[in-house]
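Student: Hey, can you walk me through the aromatic rings in this one? I'm new to it.

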Amino acid sequence: MNRPASSNPFAAAQPAMADVTLTRDDMKFIATLVYEQAGIVIREHKEAMTRGRLARRVKALGMNSVAEYCAFLKTPQAAGELPELINAVTTNHTAFFRERHHFDHLRKDVMPRLLQERSGRRGRIRIWSAACSSGEEPYSIAASCRDVVGPRSDLDFKILATDIDTDILTRAEAGIYPAELFERLPSDVKPMLKLEGGAGRGEARISEELRRMIAFKRLNLIEKWPMGGPFDVIFCRNVFIYFDTQTKASILDRFVTLLAPGGFLYLGHSESLPQPHPNLRLIGRTIYERTA
């Protein structure tokens, strides 16, 4: 990221090595700012990780220390840096067909039911990957659904893939990954991804057919959501672990509002509802169905 020198009053000549010391006050400031901006809770045991990620921003901006970076964030000129801060502290860890049972349920139970319900007319199916990271989740969704739907042209089918991290969304939309990721996939799902050439040495690209099924958009889950729904399926996996109970409950209520009756919500393997919800029932491992 290159910025004009005038946009950063704290910028200095790039030192040989910046001071990456993170004081208790600076850690508290960063944690508060990130919580206010994205609802993400940075806990004290994440100090070393936070320090390392802030150090990358210090280097990118040509600053001398983490303290200087924190001082910059307190100025009006730092408004454009806030998304970069969120990008820096966001954890992006995912894989194709991660938590395989969710995709098996989608392919074997959900999609056949939806197709049967909407046969004989132009059917509308909407799926939301609510924290899509580098794209492996929505492409796995697209591949699973395409395997069931086939070449039908009478189906209005779309996947919305959102994330707060603008850098990771750019990578996700390109659909280019190290070829070794695909080579390690189980033989029964590998053909579903329909790879194409031209991605570069040692890389492979998701086919245009699957890429066209997905719209990638930036979305902060604690801000206003522009879409109106309803969604037949929502994936929000391994996201709630970064929020406090109040934020999780608020987001969950909004998910339920956008989820069609009979629709499904998938959470991560280590997650559960912040509290029982009157309109959701557990039907499988971290799989919930909206009942009303």
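Student: How many aromatic pairs does the structure hold?
Tutor: There are 13 aromatic pairs. Keep in mind that this is a predicted model.

Student: Let's take W128 and F255. How do their rings sit?
Tutor: Their centres are 5.4 Å apart and the planes meet at 75°, so this pair is edge-to-face; the cut-off for that is over 60 degrees.

Student: And where in the chain are those two?
Tutor: W128 is in strand β1 (residues 123-129), while F255 is in helix α10 (residues 245-258). They're 127 residues apart, so to speak from distant parts of the chain, and the pair links those parts.

Student: Is W128 buried or exposed? What about F255?
Tutor: W128 is buried, with a relative accessible area of 0%. F255 has 1% relative accessibility, so F255 counts as buried too.

Student: Okay, on to F235 and Y266. Stacked or edge-to-face?
Tutor: Stacked, because the planes are at 25°, and the cut-off for stacking is under 30 degrees. The ring centres of F235 and Y266 lie 4.4 Å apart.

Student: Which rings link into a cluster?
Tutor: F96, Y139, Y177, F182 and F216 do, through ring pairs.

Student: New topic: charges. What sits over the ring of F29?
Tutor: The charged end of K74, 4.8 Å from the ring centre.

Student: And over W225?
Tutor: That's R254, whose charged end is 4.0 Å from the centre of the W225 ring.

Definitions and conventions:
Residues are numbered from 1 along each chain as its sequence is written. This is a predicted model: local features need pLDDT of at least 70, side-chain atom pairs count only at pLDDT 80 or more; totals for chains, interfaces and linings use all residues. Side-chain values use heavy atoms; hydrogens and water are left out. Rings of Phe, Tyr and Trp (its six-membered ring) pair if their centres lie within 6.5 Å; planes under 30 degrees apart count as stacked, over 60 as edge-to-face and the rest as tilted. Helices (H or I, at least four residues) and strands (E, at least two) are DSSP runs, numbered from the N terminus. Buried means under 20% relative accessible area, exposed over 50%, partly exposed in between (1.4 Å probe, protein chains only). A charge sits over a ring if NZ of Lys or CZ of Arg is within 6 Å of the ring centre and within 35 degrees of the ring normal.
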